[in-house]
Amino acid sequence: MSAFSLSRRTALSGGLAAAAVLAAAPRAVSDEPRGGGRFSGEVVAITGATSGIGRAAARAFAAEGARVGFCGRRRALGRELEREIRRSGGEAVYLHADVREAEQVEAFVDGVAGRYGGLDIAFNNAGVETSKAVHEMTVAEWDDVLATNERGVFLGVKYEIPHLLKRGGGVIVCTSSAGAERVRPGHAAYAASKRGVEGIVRAVALDYGDRGIRINAIRPGTTDTPLVRPAGVADADWETFKKAWGPLNVPGLRRMATAEEIAGAVLALASETFPYLTGTEIAVDGGATAGGPQTWPTGFPKPPGV
């Protein structure tokens, strides 16, 4: 059980919408998880898991014995990941949902809890990124970023909390970004959405901490995922780009993160390792927000000690 799972109660299926989702989802031969692992027997719900960090997290939780329900907009990728996890001996189910739509998020969360008998851990990860100067961005583009990244987290938390309370508590992790702290040009919508995620996390920590729910945000640095890699770039060219990009943009570790590295941090936050950690943001960015080297203007003397 998670650090705050005080009882095992069977959750109700969550209404007609959840029932429809479950009816469409393929059943595993057995819903029993593999033995062992930090999350053996735990039920985990993940949004935005058809690629990138969410996909890596779904694999990692399943490998540690969890029963994983995950969603995403791209059905083919979701079914592919579901099959991959089951072939490797894990238990997972893909349920299609768009986090911009309240009814779909409710059906997804209720569907996971109904299938596996409750909910212990949630990872609200779904996100998009649009880079444009504010005056060039359409209202529709702004609204889409905020609806996915911020409102999507609100909806996830809203529908997850009742199931966690039935368990006697649980853990929520939400994906923010190093870009919430170190904003880049063209990222007004993205930075605003991620700051909003962190506001939600802090408020929820205060509202539900005494009821056994911990919640934190993770701030990934730039990560080698489809969200970052332009479509059509050859593998060799991408490797060359990453080698040049890291030293220029990550003063600490001087390289991009892998999705698996960020997923590892998510699992750590969701585990019993940090039972007193809630309502905060954890940077996993290779030192990008720690600072950087000072560049001195050419032709000017440096002061003593610089």
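Let's start with helix α2 (residues 52–63) and helix α8 (residues 259–270), which pack at an angle of about 55° with their axes 8 Å apart. Helices here are DSSP runs (H or I, at least four residues), numbered from the N terminus, and axes are lines fitted to C-alpha atoms over the stretch in contact, with angles from 0 to 180 degrees between N-to-C directions. This is a predicted model, where local features need pLDDT of at least 70, side-chain atom pairs count only at pLDDT 80 or more, and totals for chains, interfaces and linings use all residues. Residues are numbered from 1 along each chain as its sequence is written, and side-chain values use heavy atoms, leaving out hydrogens and water.

On the α2 side, the contact (heavy atoms within 4.5 Å) is made by residues including Ile-53, Ala-56 and Ala-60, while α8 brings Ile-262, Val-266 and Leu-267, among others. By class, that contact has 11 nonpolar, one polar and two charged residues.

Now for the cysteines. The structure holds zero disulfides (pairs of cysteine sulfur atoms within 2.5 Å). Cys-71 is buried, because its relative accessibility is 2% (buried means under 20%, exposed over 50%, partly exposed in between, with a 1.4 Å probe and protein chains only). Cys-174 is buried too, at 0%.

Finally, look at Phe-241 in helix α7 (residues 235–249). Phe-241 has a relative accessible area of 40%, so it counts as partly exposed. Its C-alpha atom is 10.0 Å from that of Arg-229, 12 residues apart along the chain.

Notes
Helices (H or I, at least four residues) and strands (E, at least two) are DSSP runs, numbered from the N terminus. Ala, Val, Leu, Ile, Met, Phe, Trp, Tyr, Cys and Pro count as nonpolar, Asp, Glu, Lys and Arg as charged, and the others, Gly among them, as polar.
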